[in-house]
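Reader: I have a model open and want to learn how to read it. Can we go feature by feature?

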Amino acid sequence: MLQPLSPIEGNLKTLSAQVHERIRDAILKRALKPGERIDQNQLADNLGVSIVPVREALKRLEVEGLVSILPRRGAFVTEISLAQMDDLYDARALIEGETVYRAVEHMTDADFVMMQGIIAQMRGMTSAGDVSGFLALNQHFHLHIYLSLIHISEPTRLRRISYAVFCLK
């Protein structure tokens, strides 16, 4: 059963976005186990929110592939097979490979130094077992690459590509 999550506190993000992050983090840290039914009322109580932002967050997580919502049965943490993981990483490698290929010519020495620093921090997070810290740094690392493309891509296209790649992680 889910261990209590700390309540949502004041933040600049929308309530739904905060709930989404908390549930996503619980799934990635395996506080919510693959195949486990998600008790929406308990989540809402633990987070100190109404059921509405929990449902919105679960819908977003379903799009990301982390949750399956079954009519009249509820929401469940998605069980992902090794074959599915291989497929996801193959798709991600293709997208990220093309992104890096296009971005690298627009990056400066300062960009590479900054990214090496992020990699060092990510290694530290890995050693400490800090999954959420690692994921935040990983997102920052990849976003930096995407942002180097901003002058050759229209921003809306960049956001769509970035979101799609982040969903594969």
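Reader: Which residue in the turn between β2 and β3 has a positive phi?

Author: First, the ground rules. This is a predicted model, where local features need pLDDT of at least 70 and side-chain atom pairs count only at pLDDT 80 or more, while totals for chains, interfaces and linings use all residues. Residues are numbered from 1 along each chain as its sequence is written, and side-chain values use heavy atoms, with hydrogens and water left out. Now the turn: Arg72 has a positive phi of about 60°. β2 and β3 form a hairpin there, with three residues between them. Helices (H or I, at least four residues) and strands (E, at least two) are DSSP runs, numbered from the N terminus.

Reader: What is the strand order in the sheet?

Author: Strands of a sheet pair through backbone hydrogen bonds, either parallel or antiparallel. Two strands count as paired if DSSP finds at least two bridges between them. Here the order is β1-β3-β2, in an open sheet of three strands with antiparallel pairing. β1 (37-38) and β2 (67-70) are the edge strands, each pairing on one side only.

Reader: How many bridges join β2 to β3?

Author: Four. β1 and β3 pair over two bridges, and Ile38 has Ala75 of β3 as its bridge partner.

Reader: Which residues touch the most other members of the largest nonpolar core?

Author: A nonpolar core is a set of buried Ala, Val, Leu, Ile, Met, Phe, Trp, Tyr and Cys residues joined through side-chain atoms within 4.5 Å. Buried means under 20% relative accessible area, exposed over 50%, and partly exposed in between (1.4 Å probe, protein chains only). In this 19-residue core, the answer is Ile23, Ile27, Val54 and Leu58. α3 gives the largest share, five residues. Take Val54: leaving out residues up to four places away in sequence, Val54 touches Val19, Ile23, Gln40, Leu43, Ala44 and Val49 (heavy atoms within 4.5 Å). A second, separate core has nine residues, including Ala103, Ile118, Phe141 and Ile145.

Reader: Which residues of α4 are buried?

Author: An α-helix has 3.6 residues a turn, so residues three or four places apart point the same way. In α4, Arg92, Glu96, Thr99 and Ala103 are buried. They lie on the same side of α4, because they cover an arc of only 50° around the axis (taken from the directions from the helix axis to the C-beta atoms). The face turned away from that buried side carries the exposed Asp87, Leu94 and Tyr101.
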